[in-house]
Amino acid sequence: MNKSINTFFALSLMLIFSACSSVQITEEAVSDQSVAGVSITSKSTATQAVLANAVVYFDYDQFNLTSKSIQALKGVSDLMKRNQKITISVEGHADERGTREYNLALGQRRAESVANYLIANGVKRNRLITKSYGEERPLSLGSNDTAWSKNRRVEIK
Amino acid sequence: MKKNFLLFTLLIAPMLSYGELFLEVTKGSEEQYRVAMIPFEGNARVSKQLNNIMRNDLIRTGEFSILDEELLLPVKIIDDELIYSDWKLLGMDYLVTGTIIKANNSIDINYEIYDVHKKRKVRSSKVFGIPNQIRQLAHYTSDGIYESITGIKGIAATRLLYVNEIKDSQRISTYKLMLADSDGANEKTLLSSSEPIISPSWSPDGKRVAYVSFETGMAKVFIQEIASGKREAVLSKDTQISSPSWSPDGKYLSLTLYQDGNAEIYILRLRDRTLTRMTNQFAIDTESTWSPKGNKILFTSGRSGSPQIYELDLRKLNPKAKRVSFEGTYNAKASYLPNEEGIIFVHRSGNGLFHIALKYKRENFIRILTEAKMDESPSVAPNGNMVIYGIKEENLSLLAGFSLSGAKFKLPASKGEVREPAWSNFLR
Amino acid sequence: MIANHRYIQASLFSFCIHAAIFLYIYGTFDVNSSQSLLISKPLQIEIKFDLPSEKKKKIVAAPLKVDTSSLKQSTQDIVYSKTKDVSKNSKDDAFIESNIASLLLEENEIKADKEQQEISMYAQRIISSIEDAWMKPRNIPGDLVATLRLKIRSSGRIEGVDLIKSSGNIRFDNSALQAVRRVETFNFFNSIPRSLYEKEFQEIAISFNPS
């Protein structure tokens with residue numbers, strides 16, 4: 001009787017505890033795929049420079065564009081008009097305060113705000129990919145207002 | 001004449017009730033069972049290790065005060081009867097003794113619990129161990145002692161999931177999904193990635209875990225089997241998915257999808273991967289979690305202008321979200337207490353600081369339970385008496401916890417930072 | 001037919017005689033105990049350390065048709081509190097009528113009041129002992145009430161405890177049971193007169209109500 005209980009316990013414990021395998025993941029270069037019908041082209045340095053400059057910042061808890069952000073985006077919409085083949089990735093971020101999932105959703109709203117502006121300015125939807133990193137990719141690492149304001153942003157790539 | 005007799009009989013109908021005095025007590029001090037734990041007989045090294053783990057387990061619950069080892073008296077037995085008077089003098093409520101038994105490759109434990117007030121043994125138990133699992137043996141014993149004395153199931157033998165981030169010299173991060181015992185020991189890596197991992201969630205049977213990984217370049221939910229490491233993306237759709245939460249019967253996963261650009265809550269039936277949409281309005285809806293009976297969902301919504309907690313009754317045909325949090329301008333990441341007596345969530349107070357709060361269903365105010373500045377990610381233990389959450393100290397993230405009865409503890413990372421804890425169900 | 005009627009009458013009569021005898025033995029007809037029946041209904045005695053609260057009308061009114069009207073309001077709303085002087089209630093209410101019946105009634109009332117004072121004194125001591133031993137759990141919802149029934153020996157040793165009404169919260173219920181367990185014995189029970197002990201203190205109900 002004891003022995004069978006012993007075996008039972010052993011088996012069930014083994015099932016749960018033994019062999020928790022660890023999975024290694026390596027990163028691959030993720031290319032911009034899937035955007036309907038448009039082929040991927042690597043962006044010229046000049047293009048990249050324009051995009052790098054077009055970082056849009058947001059107020060705490062907000063996802064609406066300010067006049068400053070609209071200024072930043074003018075360059076992008078012009079660029080998109082000039083070069084009809086480019087697709088861009090619009091990536092939203094949030095500062096570290098608050099919960100991670102809500103910040104992920106907030107980053108997405110910010111990305112959508114930027115995307116909607118560009119669409120309203122003639123850019124076709126299928127040239128845009130929007131996504132969010134929430135608070136996972138901060139630019140600035142401090143826990144103060146300066147750092148936080150730098151992290152509440154949308155980057156275009 | 002007859003009438004009078006009848007009346008007479010009725011008049012003397014007696015109240016045969018019997019004197020019961022009824023008193024009311026309103027005042028008391030703080031709860032703690034006082035327990036003396038005698039190191040178990042047997043191998044001295046094993047005994048010491050077991051004793052340390054059990055003490056730690058019981059003290060962490062906040063409901064026990066364990067007598068200092070230096071104050072322990074020898075156990076006196078005369079004529080097969082334990083002498084209780086010494087322990088009574090020390091103010092003890094219970095005494096625990098035990099023996100370690102060697103069995104093949106492993107160790108078993110016999111333990112006894114004595115009630116000092118009632119002057120009798122109240123429990124005699126045996127725990128079978130398996131090879132190299134002394135910690136688990138100790139946790140099982142702690143839980144047995146806890147349950148015997150409090151009537152509540154113990155959580156020493158439960159486990160935790162959390163995310164560990166380590167930065168190298170170039171500030172490049174490696175993210176790991178970790179699995180550990182409830183006291184942080186026995187760490188195992190379930191996933192190692194160069195991209196962020198968030199929102200780990202336990203399956204109710206403790207065999208699988210769901211989480212969000214950014215490995216494909218955007219947020220996607222994966223389910224992974226703990227024992228085998230087998231993993232799969234939960235949906236093949238090329239859309240962002242996050243915030244996974246398992247239904248109590250393990251058949252559904254509630255998720256947040258961003259299909260139309262806005263975070264909305266869906267329920268995925270795992271059997272055939274069919275999706276049912278649960279929210280449809282312009283604001284953010286996310287952080288869904290199931291009630292213990294599986295008939296309600298709690299979630300965070302920005303529809304009132306700021307993040308607040310809402311509840312959906314799944315039994316209704318067209319469930320309407322009912323708002324549940326009304327204090328303050330930021331309430332998020334709620335989860336139910338296991339008896340549905342209330343909810344635990346993140347609350348931002350007037351000064352902008354984030355704390356873990358508790359709101360009982362029958363009360364209309366909230367109780368703030370933590371004191372740091374940016375407390376986040378609370379997860380409730382399956383017995384409803386403890387909560388683990390994330391805090392930040394000196395710019396580093398670590399885990400902290402508390403029991404409802406007031407005990408506090410910390411679980412710092414051995415390397416780097418830890419956050420996003422998730423407490424498993426009962427696993428025994 | 002007539003025989004049946006007679007038979008019924010006779011048995012009814014016989015029943016009444018037997019009932020009367022039984023009740024006499026039980027003590028219903030003693031003037032004293034018919035008044036103490038009022039007291040031995042479940043009383044809710046609250047100990048509040050601040051102000052004596054308003055909601056004192058917790059004494060379940062005895063369905064006695066006898067004598068209730070002549071007893072004053074104060075004896076029905078008895079508040080046993082550490083700050084209030086109980087004797088005040090009864091002494092203030094003096095009967096003014098001079099006929100012998102009411103004097104007798106008065107004498108019985110004073111006896112009853114004295115008894116109530118005694119009961120309240122011991123009740124307070126019981127409550128104190130338990131409050132000293134009660135560890136109230138933290139972070140429990142408000143308005144929880146747990147009720148225990150205690151069986152106590154004449155020596156004061158608590159023989160048995162039962163949870164007769166759960167608060168719905170295990171930690172709270174446990175704390176009540178633990179408090180009683182810790183007390184073990186009410187040492188002052190030796191000073192309770194035997195008859196009073198048997199009437200009132202053999203079995204008591206205690207409710208734990210922190211709000």
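At what angle do helix 3 and helix 4 of chain A pack, and how far apart are their axes? The model considered here is predicted, with local features requiring pLDDT of at least 70 and side-chain atom pairs counting only at pLDDT 80 or more, while totals for chains, interfaces and linings use all residues. Residues are numbered from 1 along each chain as its sequence is written, and chains are lettered from A and ligands numbered from 1 in the order in which they are written.

In chain A, helix 3 (residues 67-82) packs against helix 4 (residues 100-120) at an angle of about 50°, and their axes are 10 Å apart. Helices (H or I, at least four residues) and strands (E, at least two) are DSSP runs numbered from the N terminus; axes are lines fitted to C-alpha atoms, for helices over the stretch in contact, and angles run from 0 to 180 degrees between N-to-C directions. The angle therefore makes helix 3 of chain A oblique to helix 4 of chain A (under 35 degrees is roughly parallel, over 145 roughly antiparallel, 65 to 115 roughly perpendicular, and the rest oblique).

Turning to chain B, four strands form an open antiparallel sheet in the order 17-18-19-20, where pairing requires at least two DSSP bridges between two strands. Strand 17 (241-246) and strand 20 (274-277) of chain B are the edge strands, each pairing on one side only. From one strand to the next, the twist averages 30°. Strand 17 of chain B is joined by four bridges to the antiparallel strand 18 (residues 252-257) of chain B, and B:I241 stands opposite B:L257 in strand 18 of chain B.
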